[in-house]
Amino acid sequence: ARQFSSFVVLLGTVGGTHTFEPKHAFILQNKDELRIPLLLEQLPSHKAFADAIASLSPEQQRFARAFRAAQLEGSIFGVLLLQLKPALEAVLRLPANSLTKEIALTQDLLKLFVEHQIPSDLLSYSGPSDASVAEKLEAVKEHVRAIISMIDDEEKVQLEQRARQREFEKKEEEKKEEQAAFDAAASRSFKDRYPPPPRYPLPPRPPPPSPPPPSPPLPSPPPPANQNPSPSWSGAKPKDTPQKASAPPPNPPRSPSAEKKAQHEEPRRRATNLADDTAESAFDFSRVPALLEAQYTTLDPLGAIRPTSIKVDDICYACWHMTKQQGLLAPPKVISLSPQLSGAERQRAFDLLDALTRSGALQLDDASLHVIVGATHVFADSVMETLVAESINPIEKLESSSLIIASVVHNVPPQQLLADDEQLRRVQQFASPVLSSKAERSTQEA
C-alpha cells in the first residue's frame with residue numbers, strides 16, 4: 001500500500017451464481033505489506049482422468065465426473081480489493097472525492113470504525129442535502145471531534161481509576177509488610193521474656209510382665225442315658241432358599257454440563273455480489289475451468305496441461321508476514337501472523353465492512369476482483385532429455401499451451417492472439433492443431 005492509502009484485501013474462492021467466498025481478510029494502509037504463501041495442487045489431466053475411469057461402471061463414472069467438476073469449480077482463486085475512501089464517503093453521506101485531501105479526517109474515521117467500532121449514524125452527515133461540500137465536511141468533522149473528545153475523557157477517567165487502584169494496592173502491601181514486621185518483633189519479645197522450660201530425660205520403661213502358664217483342660221461330662229437322639233432323615237435335603245439376583249444399579253443420568261462438546265468456530269462465510277443486478281448476461285467465472293477442460297480435451301490430446309488448484313497455505317503460519325509502519329518517521333516492523341493474529345485481522349476487516357455497508361444495506365462500488373485460474377504444463381523428463389532424447393522443443397510446447405489458455409480467457413480464436421502473419425506462419429509449423437478450424441469452432445462454442 002502507498003502512504004495515506006487504505007483498502008481491504010480479501011482472499012478466497014469464486015463460487016457459482018456470481019459469489020465470492022472470502023476465507024482471509026486484512027486491512028492494509030500506509031505502506032503496509034502482506035506476504036502469504038500459496039499452495040499449488042495439480043489435478044490429473046483430462047487424458048489421465050479418462051483412462052482412470054474407463055473400467056468403472058456407468059454410475060461410478062458419473063460420480064467421478066461430478067466430483068471432478070466440483071474440484072475444477074473450487075480451484076478458482078480470487079483476490080478482492082475494496083477501496084475504503086469511497087466507502088467512507090458513501091456511508092457518511094458525503095459527495096464523491098470529498099475525502100481525497102482530508103487525510104487527517106480519514107485516519108480518524110478509520111480509527112473510530114476499526115478500533116472503537118463507533119456506529120456510522122453517529123458520524124454521518126444528517127443535514128440538508130443541498131448544503132455545500134465544505135459544510136458537510138465540517139459537520140462530519142464536528143461529529144468526529146465530539147466522539148474523540150468523549151473517548152479521551154473516558155480514557156482519562158480509566159487512567160485515574162487505575163492510578164487509584166495501584167495506589168490502594170501499594171498501601172495494602174505496605175500495611176501487610178508492617179503487620180508482618182510487628183508480628184515478628186512481638187514473637188521475638190515473647191520468646192525473650194518467657195523462655196521455654198528445660199527438658200529432662202525420661203526414665204527407662206520397665207519390661208512387661210510374663211503371661212501366666214495355661215491351665216489343664218477339664219473332662220467333658222457323659223451324655224444322659226434316658227435322652228433319645230433326635231431322628232435324622234437321610235433322604236431329605238435342606239431346601240435352598242432362592243436368592244434374588246441383585247440388579248446392577250441404574251446409571252445416573254448424565255447432566256448436560258458433564259458432557260463437553262467440542263466448540264468449533266465456524267468461519268463467517270460472506271458472499272460478495274460480483275455482478276450488477278441489471279446485468280443478466282454477466283459472465284460466470286465458475287465456468288472458466290470447465291471451458292479450459294473442454295479446450296484441453298480438443299487441442300491437447302497428449303494431456304500435458306494439468307489443471308492446478310491454488311489455495312492459501314493454512315499450515316505454515318510462520319511464513320505469513322505483515323510489514324507495518326506506525327508513523328511517518330518510524331521504521332517498518334515485520335510481524336509474523338499466527339493463527340490468532342490472522343483471525344483477529346479477519347475479524348477487524350469484517351467488522352469494518354459491516355460498518356461501511358450498514359450490515360449489507362449499502363453496496364460497495366469501488367471494488368476490483370482478480371480471478372486466478374492455474375494450469376501446469378508437465379514434461380515427462382527434464383528439459384535437456386526432452387530436447388535431446390525426444391527431440392521436442394519445450395518452448396514451442398509452452399507456446400501452444402499458452403495459446404490454448406489465452407483463447408479461453410479472451411474468448412477469441414487462437415489466430416487472433418498472434419501479432420502478425422509472420423508469427424502465424426511460425427506457430428503453424430509446430431502448433432497447427434491449435435490454429436485449425438476445429439480450435440476456432442470450439443472457441444466459438446465456449
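1. Helices (H or I, at least four residues) and strands (E, at least two) are DSSP runs, numbered from the N terminus. By that rule Ser309 is found in strand 7, residues 305-312. The model is a predicted one, in which local features need pLDDT of at least 70 and side-chain atom pairs count only at pLDDT 80 or more, while totals for chains, interfaces and linings use all residues. Residues are numbered from 1 along each chain as its sequence is written, and side-chain values use heavy atoms, with hydrogens and water left out.

2. The chain as a whole has 11 helices and 11 strands. Of its 446 residues, 28% are buried; buried means under 20% relative accessible area, exposed means over 50%, and partly exposed lies in between (1.4 Å probe, protein chains only). The chain exposes about 31900 Å², and carbon and sulfur atoms supply 56% of that. Accessible areas come from the Shrake-Rupley method with a 1.4 Å probe; for residues, only the protein chains shown count as cover.

3. Contact means heavy atoms within 4.5 Å. Among contacts between residues at least 6 apart in sequence, 71% join residues at least 24 apart.

4. Is Ser309 buried or exposed? Ser309 counts as buried because its relative accessibility is 6%. Leaving aside neighbours within four places in sequence, Ser309 is in contact with Leu39, Leu40, Glu41 and Ser75.

5. Ala64 lies in helix 2, residues 58-73. Ala64 counts as buried because its relative accessibility is 14%. Beyond its neighbours within four places in sequence, Ala64 is in contact with Phe49 and Ile53. Ala64 and Phe49 are 15 residues apart in sequence, and their C-alpha atoms are 9.0 Å apart in space.

6. Helix 3 (residues 84-91) has these buried residues: Leu84, Ala87, Leu88, Glu89 and Val91. What covers them? The cover includes strand 1 (6-15), strand 2 (19-29), strand 5 (77-83), helix 4 (103-114) and helix 7 (339-357). Just after helix 3, Arg93 takes a positive phi of about 60°.

7. Glu167, Glu173, Glu174, Glu177 and Glu178 form a negative surface patch. Patches are made of residues with over 30% relative accessible area and no salt bridge, with like charges joined within 9 Å and nonpolar side chains (Val, Leu, Ile, Met, Phe, Trp, Tyr) within 5 Å. A salt bridge is a side-chain nitrogen of Lys or Arg within 4 Å of a carboxyl oxygen of Asp or Glu. Glu173 is found in helix 5, residues 133-193. Glu173 is partly exposed, because its relative accessible area is 44%.

Technical notes:
Lys and Arg count as positive and Asp and Glu as negative; His and the chain ends are not counted. The place of a charge is taken as NZ of Lys, CZ of Arg, CG of Asp or CD of Glu.
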